[in-house]
Amino acid sequence: MPASKNNLEQENTKLKRAIAELTYERDKYKKIFDASADAYSVIDLSSGKFIECNQAAIDMHGVNSMGNFLNLSPADLSPELQPCGNRSDVLAKAHINCAIEQGFHSFKWIHSRLDGTTFNCLVSLTGLFIEGSQLILAVGRDISDIEIAQKQISTEASEKQRFKQAFLGEKEKFEKFVDLAPVGIAINSISEGSFEFVNEEFGRITGYSVDELNQMDYWQLTPEKYEKREHEQLELLAKYGQYGPYQKEYIHKNGNVYPVLLSGI
């Protein structure tokens, strides 16, 4: 008898431990369910009604309380038609069947609130079979703000592309115009003096090709004796936005020095 009593106590202890572990797991997942920012709800397919929901689902659909939410059916939370033109109730059944057959199904959906307003939602359905009941766990996330942001990004990208195309078109016209100009034209970096653009006539004057000049800087064409005057011209440029015309000399590719008249803006 003592041995039998001891065995019973051990079994009782194991049972209590198992119940405690199950209670912990149940409470843990219930807290996750309740605290989730996503809308969680459970649908009993035999009645077509909600049997469970969290606060996020109540808030997302503009329902007053859990009691009110559980008196609703999924059809009450969708407009009559989806953007594709099909009825929401027909599409919902098709999505539920996919979840039952595949175990999981995800899709975009237009949901409605009780005040009649609608919003874009990402929905995930999971088929559950518990104690003889066929259930669907529905998880919804309002993606209206995300889609608005995506549209803004798309609009901005389109505008940027339009601006880029317009800029490239103007740049092409500018380059064609200055290439036909009978005077040498160059664009230089003020800080380094490197050539960022030169026309064909500027290349002819200096003896260098356009490609060669694009690898050079302004100072490689300028005799050292003009360094002080050049800095004076740059000071005028910074102060007034332009300088010149003033006469100086350039060093030709062949080494010869020749006079030039410069103006800058």
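The largest pocket holds about 780 Å³ of space. This is a predicted model, where local features need pLDDT of at least 70, side-chain atom pairs count only at pLDDT 80 or more, and totals for chains, interfaces and linings use all residues. Residues are numbered from 1 along each chain as its sequence is written, and side-chain values use heavy atoms, without hydrogens and water.

Terms, quickly. On a 1 Å grid over the protein atoms alone, a pocket is an open set of points where a 1.4 Å probe fits, with protein on both sides within 12 Å along at least five of seven lines. Lining residues have an atom within 4 Å of a point. Points join across faces, edges and corners, and the volume is the space filled by probe spheres set on them.

Back to the largest pocket. Its lining has 25 residues, and Ala186, Asn188, Tyr243, Ser263 and Gly264 lie nearest the centre. Two or more residues each come from strand 6 (186–188), helix 6 (200–206), helix 8 (227–240), strand 8 (243–251) and strand 9 (257–264). Helices (H or I, at least four residues) and strands (E, at least two) are DSSP runs, numbered from the N terminus. Which strand gives the most to this lining? Strand 9, with five residues.

Now the second largest pocket. Its volume is about 630 Å³. It is lined by 36 residues, and Ile43, Pro74, Ala75, Ala92 and Ile96 are the closest to its centre. Elements giving two or more residues include strand 1 (39–44), helix 2 (55–60) and strand 5 (133–142). Helix 4 gives the most to this lining: seven residues.
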